[in-house]
Amino acid sequence: MLGMGNEPLKGHLDLLLLQVLDTEPAHGYQVVCQLRDRSNGAFALAEGTVYPALHRLERQGLLASDWDDNGARRRRVYRLTREGRNSLHARRAEWTEFAAGVSTVLGVTV
Amino acid sequence: MSEHSDIIESYLDDLLANLVGEASAVRRMLTETEAHLYADLDGGVARGLARDDAARAAILHFGPAERVARGWSAGAPPKPLPPLPKMLRSGAMQIAPLLGVGLVAIGVSGLVARAMTALWGLRFMFADPPGTTYSASSCSHWMSLHPHAATCASAYLAESLSDGLDARYAAGLLGLTVLAVLAVRRRRRHLPLISPSSPVTTLVAVGVFCAATVALAALATDAIRVAHGNGAGQWLSAAIVALLVAVSYGLAYLRSVHRRPALYPGRPHGGLR
């Protein structure tokens, strides 16, 4: 599958990051790999854009993070906070409603 | 642990040079980027890529350093301003050595004035323009202070010499005190007694002492032209010292500029791009 690139992803990156971290805590590289794998390579975004988004979500209180010094290199591991989980549920519901509406208009069955 | 990669390290240098924000946030971004790039490099090598190719691919995936830094810096919390008392203290610590040197320069100008008085006499140093008249009460006051003076004008000159030089010596002593206090403070902090000022402070000093030189020289020239040289020495003595201090600071600035190492070999000084 061809990579989608950054532009279509920009508006939805926060939702995708929250969704990936809903499964389990992960560091940045794992987040990027999961995004790529779960989208079958469609979401091959510039990986450097993930960190500003993670940092912003953390400042908003939706993520929390800690250093993991167990591996060969120091990594920052991110996890969803309670507010983050609530936000994810709300955003997911919005997205589902939006996607269903667009699909209906387009006459596409998802 | 992945081995060192010059390609990735060079990228991290570029990223660091472009990141703008609070120091701890910049360090965090850099550490995360480093871990990310080396993890991607390891992944590339595991897939069969040559090490350098894997490093280049990792950087390609991550994005150009300038763009990543721009995106990060735009959203990062701004670097906080230091609290006002700290800013004031820092400013005072930058200005205090200049103030000390300035006061010592005034003291030294007193010594120069003393020497010039010996060479060219009191009239050249402190006399008012010809035709200046003094009130009887002033004359009486000066004559009482200098009973050996033959005339009111000579009593005035003696008083001017005394007042002028004493004031300059007092300023010099005050300057030495300021510099001594700064030296003691530095010694207590286990710092070298004398540390070169920042290039900006040094340039400010050059500007201040150059301006003083010009102003004092103008006053001296005016006294020579308009007052037939009467009193020109008091300005000239100060102008000479101000010029010497300005030149010293200028040389110090040039030395500091030449001493500063290039951050990237082969690039101009301070070549951060």
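Two residues are in contact if their C-beta atoms, placed from the backbone, lie within 7 Å. By that rule, residues 24 or more positions apart account for 54% of the contacts in chain A with a separation of 6 or more. In chain B the corresponding share is 70%.

This is a predicted model, in which local features need pLDDT of at least 70, side-chain atom pairs count only at pLDDT 80 or more, and totals for chains, interfaces and linings use all residues. Residues are numbered from 1 along each chain as its sequence is written, while chains are lettered from A and ligands numbered from 1 in the order in which they are written.

The predictor gives the complex an ipTM of 0.86 and a pTM of 0.51. Its confidence in each residue is the pLDDT, which runs from 0 to 100. Chain B averages a pLDDT of 85, and 91% of its residues score at least 70. Residues 261–273 of chain B stay under 50. For that stretch the model has 11 contacts beyond four places in sequence. Where pLDDT is low, the predicted coordinates should not be read in detail.

Start with chain A. It has four helices and three strands. Helices (H or I, at least four residues) and strands (E, at least two) are DSSP runs, numbered from the N terminus. From the N terminus on, the order is α-β-α-α-β-β-α. Of the 110 residues of chain A, 30% count as buried. A residue is buried if 20 or more other C-beta atoms lie within 10 Å of its own, exposed if 12 or fewer, and partly exposed in between; the C-beta atoms are placed from the backbone.

The strands of chain A form an open sheet in the order β1-β3-β2, with antiparallel pairing. β1 (26–27) and β2 (63–68) are the edge strands, and each pairs on one side only. Strands pair if DSSP finds at least two bridges between them. β1(A) and β3(A) are joined by two bridges. Here A26(A) has Y78(A) as its bridge partner in β3(A). β2(A) pairs with β3 (residues 75–80) of chain A over six bridges. In this pair, D68(A) stands opposite R75(A). A hairpin of six residues leads from β2(A) to β3(A). In a regular strand the side chains alternate between the two faces of the sheet.

Next, look at the helix that crosses this sheet. α3 (residues 50–59) of chain A lies across β2 and β3 of chain A. It runs at about 120° to β2(A). Axes are lines fitted to C-alpha atoms, for helices over the stretch in contact, and angles run from 0 to 180 degrees between N-to-C directions.

The loop between α2 (28–38) and α3 of chain A holds N40(A). N40(A) has a positive phi of about 55° although it is not a glycine. Most residues other than glycine have a negative phi, and most peptide bonds are trans. N40(A) is exposed, with 8 other C-beta atoms within 10 Å.

Now turn to chain B. It has nine helices and zero strands. Of its 273 residues, 26% are buried.

Helix α8 (residues 199–226) of chain B has 28 residues. It reaches 40 Å from its first C-alpha to its last, close to the 40 Å expected at 1.5 Å a residue. The expected span is 1.5 Å times one less than the number of residues. The buried residues of α8(B) are T202(B), A205(B), F209(B), T213(B), L216(B), A220(B) and A223(B). An α-helix has 3.6 residues a turn, so residues three or four places apart point the same way.

Just after α8(B) comes H228(B), with a positive phi of about 55°. H228(B) lies in the loop between α8 and α9 (232–259) of chain B. With 14 C-beta neighbours inside 10 Å, H228(B) counts as partly exposed.

Finally, see where the chains meet. 18 residues of chain B are in contact with 15 residues of chain A. On the side of chain B that touches chain A, α2 (23–46), α3 (51–62) and α4 (65–75) of chain B each supply at least two residues. The largest share, 10 residues, comes from α2(B). By class, this side of chain B has eight nonpolar, six polar and four charged residues. Ala, Val, Leu, Ile, Met, Phe, Trp, Tyr, Cys and Pro count as nonpolar, Asp, Glu, Lys and Arg as charged, and the others, Gly among them, as polar.

Terms used
pLDDT is the predictor's confidence in each residue, from 0 to 100.
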